[in-house]
Amino acid sequence: MFLHILILCFSGIAQLVAAKVVHLRWEITWVNAAPDGFERPVIGINGEWPCPQIDVDVGDRLIVDVENCLGNQSTGIHWHGMHQYMTSTMDGSSAVSQCPVAPGSTIRYDFITDQAGTYWYHSHNMGQYPDGLRGALIVHDPNPPFEYDDEFTVLLSDWYHKQMPELLEEYQSADPEQSGQGNEPIPDIALINDSTESIFKVEPNKTYFVHIICIGNWPGHTFLFDDHEMTVVEVDGVWVEPYPVGKRNIRVATGQRMGVLIKTKPDASKNYAFWNTMDINMMFVYENQAIPEGYNPNITAWLVYDESLPLPEPPVLSEFDFVDDVEFVPVDQEPLLGPVDHQIVLNTGQTDINNITRFSINGQSYIPQQVPTLYTALTVGPEYYSNPEVYGDVNPLVLKNNDIVEVIINNYHGNLHPWHLHGHQFQVLQRTDVNGGAFNGYFANISSTPVRRDTIMVQNYGHTVIRFRANNPGVWLLHCHIEWHVASGLVATIIEAPDQIQKLFVPVNHLDVCDAYGSPSSGNAAGKSGLDLTGANDYIYPGDSGASYPPPALP
């Protein structure tokens, strides 16, 4: 990795603020790794895995040159949680804001990290991030609303011994006898910081700011520091009023982040366990699924005060009392948005396409198109860019600039779904418990300063209601962050302020990526003019996640 730091100075009315350029050069490569003792190929960066953490300060300019050296898969990098204000072209979602990066090609991501907090990066292409292409992105605030002495990062994930292409082949099979057909493959193990033997070195009488990131594929995670109380101070990049957890438990869903403070003990007389478990209630929800004998969803790491002392056994928990993240209050006290200009209802369920079990939104399963949706918005012209039809089967939702948008997500499915919105944080007005039913138009109790975040877990057979202001022109995904569900179509596409999108600039380098991949970069979803969608992707083949249209041009 090469890191070049340049100092840029910006003058303001009252003060001079210094920011820097952080320039990274990444080769995306295959690496052999054995995080739990089982060796398999994983996707790493510059020949190493786990992938590196990025540390920047608020206001820094982050430039990352990404070269695809995999040889047999296309790729791309999404900067999870970064709003990319007026830089939607840098969001990194394949078939949405860019073409997939074919083997041998290089793409440059270039944007300002103008949001403090806990974020991460990962591939948004071909189910790759559960195969290892993921890492933490921490944006440091020089003046956080609390004090601490030091900080560290905790990454929580599930892990599979098989690689994602094989697992997706089983999951999206049309064969009813296929063991994985329609059911998510069960993880082999849980990992902490991509290991089963992680330790966090700490000192007595210190306050630590801990960045918790759920980078997994499927189940949510519940965690605790044994005999150390936690105070929540951040969720998904939003500072919240300090929330002492006490003896309750915290859970994070796939894609969610949380910042907590812990105070260490006054002496170093012993070490302590950090305990984490995967949510088995998410994994075993089908009639034909049962918990395998001996299955262990738990994983332990350790707070190490003294390396010469033994590592203790994890605590035994017999019951859980979860903190409700809807109770958190943002430090900035942003009031409830209103009145609503545009209400959207998303009824989520399942459907069959070509005998393949798919997820659907209002009856339509998402299928990536020939032309990235952002490029369609930029090239079809004012006669068509506000017409949802021109974007193909991507569940398009066209919004007007600066509208206050309310989204109701009704979950008509037996599994839980962590919904993530690109380009924004949203207010959470309501989230029901399990079997809470669809939204009936009434709110039980709305906070005047609702929690704001970018990923929210929607309970099975329940609903959630979120609001945000459409003040970031671009094309943004709204999707379940479980990678199985992304691959099987539980995705909607927001085309936000298409008239303002025209101000965006697509770098020539990004267009070159399309040429190398063999994909058109202009026109409607099929790469044609107007509403002629002949050749647009509207069909799913057995075993195909729909993430690789057209086939990548291999060297």
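This is a chat about some local features of a predicted model.

Reader: Let's start with helix 6. Which of its residues are buried?
Author: Helix 6 covers residues 508-517, and its buried residues are His510, Val513, Cys514 and Tyr517.

Reader: How do those sit around the helix axis?
Author: Looking down the axis of helix 6, the buried residues fall within an arc of 100°, so they line one face of the helix.

Reader: And which residues are exposed on the other side?
Author: Val508 and Asp515 are exposed there.

Reader: What do the buried residues of helix 6 pack against?
Author: Two elements: strand 7 (106-113) and helix 3 (373-379).

Reader: What does the backbone do just after helix 6?
Author: Glycine 518 comes there, with a positive phi of about 90°.

Reader: Switching to positive phi in residues other than glycine. What's phi at aspartate 236?
Author: Near 50°. Aspartate 236 is in the loop that runs between strand 15 (230-235) and strand 16 (238-244).

Reader: Is aspartate 236 buried or exposed?
Author: Buried, because its relative accessibility is 0%, and the cut-off for buried is under 20%.

Reader: What about asparagine 362, where does that one lie?
Author: In the loop between strand 22 (356-361) and helix 3. Asparagine 362 also has a positive phi, about 50°, although it is not a glycine. Its relative accessible area is 46%, so asparagine 362 counts as partly exposed.

Reader: OK, cis peptides. Which residues does the one with omega about 5° join?
Author: Tryptophan 49 and proline 50. That proline 50 is in the loop between strand 3 (40-45) and strand 4 (54-57).

Reader: And what's omega for the bond from glycine 338 to proline 339?
Author: Omega is near -5° there, and the bond is cis. You'll find proline 339 in the loop between strand 20 (298-304) and strand 21 (342-353).

Reader: How do strand 21 and strand 22 pair?
Author: They pair in the antiparallel sense, over 6 bridges.

Technical notes:
Residues numbered from 1 in each chain as written. Predicted model: local features only at pLDDT ≥ 70, side-chain atom pairs only at ≥ 80, totals over all residues. Heavy atoms only, no water. Buried < 20%, exposed > 50% of the residue type's maximum accessible area, 1.4 Å probe, protein only. Helix = DSSP H or I, 4+ residues; strand = E, 2+ residues; numbered from the N terminus. Arc of directions from axis to C-beta. Contact = heavy atoms within 4.5 Å. Pairing = 2+ DSSP bridges.
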